[in-house]
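Here is a brief report on one chain.

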Amino acid sequence: MSQTPTSPEVETSGPAPFESWGRYPTYSGNVVPLNWQGDFTRAATGLANGALPVGMGRSYGDVCLLKGGNLLLTTGMDRLLDFDPATGLLTAESGITLAQILDFAVPRGFFLPVTPGTKYVTLGGAIANDIHGKNHHVAGTFGSHVTQFGLMRSDGSYKLCSPTENPDWYSATIGGLGLTGLIPWATLRLRPIVSREIDYEGIQFHGIDEFLDLTEKSKHIEYTVSWVDCVSTGRNFARGVFMQGDHSAVPGELKPSPEPKLVFPFDAPGFALNKYTVSAFNTLFFHKQIKPRVTALQDYEPFFYPLDKVLHWNRLYGKSGLLQFQYAIPWESAREGTIAILGAVAKSGLASFLAVLKAFGDVPSPGMMSFPQPGITLALDFPIKPGLSFPLFERLADMTLDFGGRLYPAKDAAMTAAQFQAFYPQWESFARYRDPMLTSSFWERVTGDPATL
Amino acid sequence: MSTQAPALAAHAVPARTIYASKKILVLGATSGIAEATCRVWAAEGASLFLVARNAEKLAAVAADLKVRGAHYVDTAVADLDDTAKHPELLAHAINSLTGIDIAYLAHGVLGDQAAAEADFATAEQILHTNFIAPVSLLTWLANHMVQRKSGVLAVLSSVAGDRGRKSNYVYGSSKAGLSAFLGGLRNRVDREGVTVLTIKPGPVKTAMTSAMKGSEKFADVNAVAKTIAAAVGARKDTLYVPFQWQPIMFFIRNIPESVFKKLNL
C-alpha cells in the first residue's frame, strides 16, 4: 500500500506540480488549497514570496503560475450559494467549474451566458481573464453577465463589487488576472434554454473576404466561430469552415451530460506534430464537411466543447508544450492584419494545429484590462520548436501591434514587457488595484523594467 | 456574515416528484466525503440535518445543499468530542427532521502519527475522536432505531483499520476498533430491522489533494460519494470504496506477520 489512506479532515499543502494548459513555462509552486471562503484570510497571514489564486490551470501560459511562490488553489470552493429560477441569477463560490454549473443549470433549463471552448475552467478564472465565447458579437464577455462578486484582500478587508458598488474595483477585477484580491463568490446571470440541442450550420469559405461576408450575414445568429487553415497557401489560402448555431427553440430533454471517459494517455513524441501531419489534419477537417453547407441538430457538448471529450489533450503536444497566440485587431486594420498574419504563419511552415477565427462585437467589456475589442480575433497553437517558435511569435506580436491590435494574456507565454505595455497602456492604472501580496509569473514578466530586456 | 453572498432566499427546486424525502442526519458534514455524499442526497430531494464544528463552513455547505435540491436543511454547530452533549444533540436533530431514516457518521481525524508515537495525549485524542465519540453516538442512535425497528447507520471507517501499519497505526487502530464495534452492533441490531453499513474508503482525491503528485491515482470524491449513497440505499453491510481495496486489503491482511513486520507500509 503506497498511499496513506486519508481522512477527510486532512489538510495538505506543499510543493506540487501545477501546470498551465500550454505546459510552457513550467514552474513548481507551493500549492495551498483554499477550500472555504475564510481560508484566504488565514492563508494570507504568514505567506512569504507572494501568492496567486488559481483554478483549473486552463490558461495556456503563465498567468496561472507563480515561480517560487504560493498558488492558492480555489477548486475546493465549489459550492452553490443561491439560485433564483425566476431571474436565472446563480451565486456560487469562485472555484466551481463551468462544467459543474452546467450540470446544475441544464436540467433546470438554464445555460451559461458566455462559454469558452472548454467547460473545465472555474468561475473565478472566467472572471479574472474576462473570457469570451462564440457569442461575443451579441453577448459581450463573461464579465458582462457577472452582476456582483465579493473581493477579499490580503489585508483582511472585504468589498462587495458590482457595476454600482465599488465600480472601480469591479472593473479592475474583471480581467484583472487574479491580482486584485481573492474572489470568494460571484453572481452570474444564466440564460434560459429549452433544449440541449444547437441548430448548427457549417459553411465552407475561401479567403478572408468570404469570411467577412458570412460574418455580416450571420450577425443575428447567437454563436459564430470559424476554423481556418493557416497552413495552405495560394488557392487554398485562408480557407475554412464558418460554424454557426443557435440554441434550439424546440423543447427537448434536458438531461445532464455524461462524464468524460477518454483521457489522452501519454505525452506524444515531439515529432508527432509537424507540417505534414498538421496539413493532413487541416485538409481532412476541411473536407470532413463534404458539402459547402451542412446543417444539423447538434448537442451542445460537441458544439462548444469538442476537445473536452479527451481529457489532457494537451499531451498531444508532447513534453515541450505548446504556445498559443491570440490577437484582437480592431476593424480599421482587421482584414489587412489578418491576411498579413495568416500569410506569415503559412510561410513560416511552423504548423498550427488549431486556428480559430472570429469577429468580436461591440458590446463593451466591463473589465479595465479585458482583452476583447471590436474587430477580428485569431487564435493559433504552435508546438514549441526550439529556435523557431519564439522568433515567429515575437514577429507576429509586433505585427499585431502595428495593426493596432493586442494579445490575450490568458493565452500568452511569450510577449515582451514592451509589447504588453503597448497593448495595454492602462496597465499602470490597473497596477494600483493589485493586492500587494498577489502576483504572477506573467505579471512579473510583462511589468519588468523594459530597460533590462 | 460579511463574506457570504447577500440575500440567500430559499427557492423552489424544479418540478420533481418527491416520493418520500429521506430523513438523514449527517455528523461531520463539512468533511470532503460527507459533503459530496450529501450532494447526491440533496439532488434526490432528501431532508438533511447537518452537524459540524465550524459554523462558517457549515453555513456554506447547508446553502449549497439547499440550492442543489434538498427538501429541508437544518444545522447544529457542535464538537462531537463532547460525548455528554450527544443525547441532547441527537434528540434535537431527530425532532427537527421529524424522524430519522439514515444516520451518517463521517467525522474523524487523521491525526499526527509521529506526535502520537511520542505522546500518549495525542494518541488518546485520536482514539477519542475516531472511536469513543462514534461509540457514544452509535449507542444512542442504535437504541433509538431498534425501538422503531428501522433505520440505517452508515459509518465511515477506513481501510487503515484492516491492519496496523507503522505509518499510521494510531489512526488505524481507532478505525479498527470502530470496524469491530460496527461488526458487533450489526450482529445485534440487524435482526431488529436496523442496517449497519461499515464504509472503508481508500485514499480519496478531494479538492485539497487534486494538484498533488500521485493524486491522479486517488479515487474521485464524487464517485466515492455516489457509491456510498448507493450502498446506503441497498442496505449493504460493508463497503470498500473503490472496490479494488477489498482484494488489496484481503492480501495485506494475509501477509504473514513474520514478513509484514519487516515491511515499510
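## Domains

Domain bounds here come from an automatic or database domain assignment. The model is predicted. Chain A is divided into domain 1 (14-73), domain 2 (80-193) and domain 3 (197-418).

## Contact between domains 1 and 2

The C-alpha centres of domain 1 and domain 2 of chain A lie 20 Å apart. Domain 1 of chain A gives 12 residues to the contact, and domain 2 of chain A gives 18 residues.

On the domain 1 side, two elements of chain A give two or more residues: helix H1 (39-44) and strand S3 (51-54). H1(A) supplies the largest share of that side, 3 residues. By class, the domain 1 side holds 7 nonpolar residues, 4 polar and 1 charged.

## Helix H9

Helix H9 of chain A covers residues 331-348, 18 residues. At 1.5 Å a residue, H9 of chain A should span 26 Å, and its end C-alpha atoms are 25 Å apart, so the two values agree. H9(A) also bends, by about 35° at Gly337(A). After H9(A) comes Gly349(A), with a positive phi near 70°.

Which residues of H9(A) are buried? They are Ala334(A), Gly337(A), Thr338(A), Ile341(A), Leu342(A) and Val345(A). An α-helix has 3.6 residues a turn, so residues three or four places apart point the same way.

Gly337(A) is one of the buried residues, and the bend of H9(A) is at Gly337(A).

Conventions:
Residues are numbered from 1 along each chain as its sequence is written. Chains are lettered from A and ligands numbered from 1 in the order in which they are written. This is a predicted model: local features need pLDDT of at least 70, side-chain atom pairs count only at pLDDT 80 or more; totals for chains, interfaces and linings use all residues. Helices (H or I, at least four residues) and strands (E, at least two) are DSSP runs, numbered from the N terminus. The expected span of a helix is 1.5 Å times one less than its number of residues. The bend at a residue is the angle between axes fitted to the seven residues ending there and the seven starting there. A residue is buried if 20 or more other C-beta atoms lie within 10 Å of its own, exposed if 12 or fewer, and partly exposed in between; C-beta atoms are placed from the backbone. Two residues are in contact if their C-beta atoms, placed from the backbone, lie within 7 Å. Ala, Val, Leu, Ile, Met, Phe, Trp, Tyr, Cys and Pro count as nonpolar, Asp, Glu, Lys and Arg as charged, and the others, Gly among them, as polar.
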